[in-house]
Amino acid sequence: MTAPLPLLIGGEWRQGGGTPFDSVNPADGSCAARLATADADDVDAAVAAARAAQDDPSWARMRPHARARLLHAMSDRIDGAREELARAQMADNGKTIRECRSQAAAAASVFRYYAALIETAEGEVTPQRGDAVTMTLYEPMGVVAAITPWNSPLTLEAQKLAPALAAGNAVVLKPSEVTPQVGRIFGRLALEAGLPPGLVNVVTGAGETGRALVAHPGVDLVSFTGGTVAGRHIAEAAARRLCPVLLELGGKSPNMICADADFEAAVQGAAAGIFGSVGQSCIAGSRILVEAPIHDRFVEALVAAAAEWRPGMPEDGDVRIGPLASFRHRDTVAAAVDRARAEGALVRCGGAAPDDPRLAGGAFYLPTVLTGLGNGSQTAQREIFGPVCVVLPFADEADLVAQANDTEFGLAAGIWSSDARKCWRIARAVRAGTVWINGYRDGSISTPFGGMKQSGIGREKGRLGLRAYSQPKGVFWRLDD
Ligand code: NAD
């Protein structure tokens with residue numbers, strides 16, 4: 001048997017102390033890669049390497065334009081390795097090659113964006129009484145633990161690495177055990193780009209490795225993207241040593257369709273909002289609220305649109321969605337639909353694996369539309385993280401806003417209406433970190449992203465994303481005699 005793919009610690013590749021594990025390709029059940037598992041000693045070594053690299057004057061005193069040059073070099077390396085990165089993600093989580101390629105290209109641009117921000121940054125100086133000034137300096141946090149989920153490592157890992165490095169930190173990245181390959185490639189590219197060894201360390205492994213990292217006293221910030229349950233555990237563990245956390249968690253986002261909306265656009269937007277990425281998107285529009293007079297017609301049209309999202313093998317360039325990311329997750333999604341049936345849901349389409357024999361060896365599941373439930377049902381309240389939506393009728397604007405906000409989550413929301421004032425009122429009333437008006441799932445690196453309520457703490461992306469990895473320091477300087 002070949003040796004497991006090693007960990008990256010202090011610029012060196014080495015085996016881990018834990019039991020190796022396999023990443024399984026969910027499209028056909030084959031082994032995508034065998035990986036080393038980092039135990040507590042490996043995590044300790046990675047944090048120590050990160051600390052040494054972060055403290056080293058060659059990095060700590062590097063001028064912003066020189067740091068930006070390294071980030072540009074990293075971005076060029078990612079561009080050069082786009083196909084390798086895309087294929088690694090596809091093999092690990094079954095995302096279509098089309099989506100993987102576009103995420104690899106976007107990952108390169110995330111590094112360019114943060115390079116540009118630090119090159120063009122301006123300072124804050126405030127006059128004080130007499131001959132004194134106050135300066136606000138933004139200093140690195142130190143060692144950042146970046147813990148990521150399996151749905152989009154290309155995007156989510158780039159979104160943590162780039163701003164953390166731009167702000168002058170060192171990073172220990174713990175990718176999901178389902179998608180361990182992309183992070184290792186990012187680690188290798190960082191070395192190739194000339195980033196000092198130890199600035200990017202990659203420790204593969206499951207929750208145990210993540211727990212060792214969160215508990216490590218040498219970690220100065222935990223930046224976590226994943227489920228709300230793990231997020232809460234991490235916040236509790238970090239609180240014990242007062243370590244700050246940045247949490248990007250789950251959602252159950254409302255996509256709201258008013259009777260005066262462009263009907264066809266809303267149908268297509270609602271379908272793409274939940275079936276895109278097989279619904280394995282934290283911002284998936286999984287609660288579709290439809291104004292009562294158009295509810296039945298909308299459900300019919302949504303079921304017809306769902307047929308355009310038939311899953312297929314991810315390397316097929318024409319396919320819009322692949323399998324779910326793992327067999328275990330496919331079973332979880334199927335169990336959630338069974339529970340919905342038990343709650344009285346009508347399964348309007350899907351609710352099963354596809355019958356195409358070519359897909360029989362993979363973790364595939366059909367786009368599923370559920371009706372007949374209330375917003376208080378478990379199905380409407382719990383994140384399913386699959387291609388499963390529940391369509392709920394609403395009576396008027398007040399009822400719409402009440403239902404949209406009647407959830408523990410607050411990640412995203414969509415509004416479809418031709419009445420601009422109504423769109424504005426709803427956008428202001430809904431408690432969500434991102435709101436789309438007559439669209440859904442658009443994103444841009446320059447717009448802050450994060451959740452309200454149980455969907456998270458803090459914001460990534462944009463200028464705020466750089467601040468998230470910095471700590472301000474006020475300097476009072478008396479210049480009188
Ligand atoms: P998960 O919470 O199970 O795991 C995420 C990561 O945390 C993995 O690397 C895992 O090994 C690690 N982990 C698990 N328990 C841990 C612990 N106690 N301490 C330290 N590390 C631990 O999430 P997942 O199943 O990989 O991803 C799906 C979830 O991620 C969904 O809930 C989804 O909504 C969420 N998500 C959120 C965003 C966002 O930006 N808000 C983006 C993508 C995904």
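Val278 is buried (under 20% relative accessible area, against over 50% for exposed and partly exposed in between, with a 1.4 Å probe and protein chains only), its own relative accessible area being 3%. All of this comes from a predicted model, in which local features need pLDDT of at least 70, side-chain atom pairs count only at pLDDT 80 or more, and totals for chains, interfaces and linings use all residues. Residues are numbered from 1 along each chain as its sequence is written, and side-chain values use heavy atoms, with hydrogens and water left out.

Back to Val278: this residue isn't a glycine, yet its phi is positive, at about 55°. Val278 sits in the loop between α10 (263-275) and β13 (287-291). Helices here are DSSP runs of H or I with at least four residues, strands are runs of E with at least two, and both are numbered from the N terminus.

Phe385 is another residue other than glycine with a positive phi, this one near 60°. Its spot is the loop between α13 (378-381) and β16 (388-394). Phe385 is buried too, with a relative accessible area of 17%.

Then there's the hairpin, made by β3 and β4 with 6 residues between them. Strand β3 covers residues 21-24, while β4 takes in residues 31-35. The two run antiparallel and are joined by 4 bridges; strands count as paired if DSSP finds at least two bridges between them. Across the pair, Asp22 stands opposite Arg34 in β4. In the turn, Gly29 has a positive phi of about 80°.
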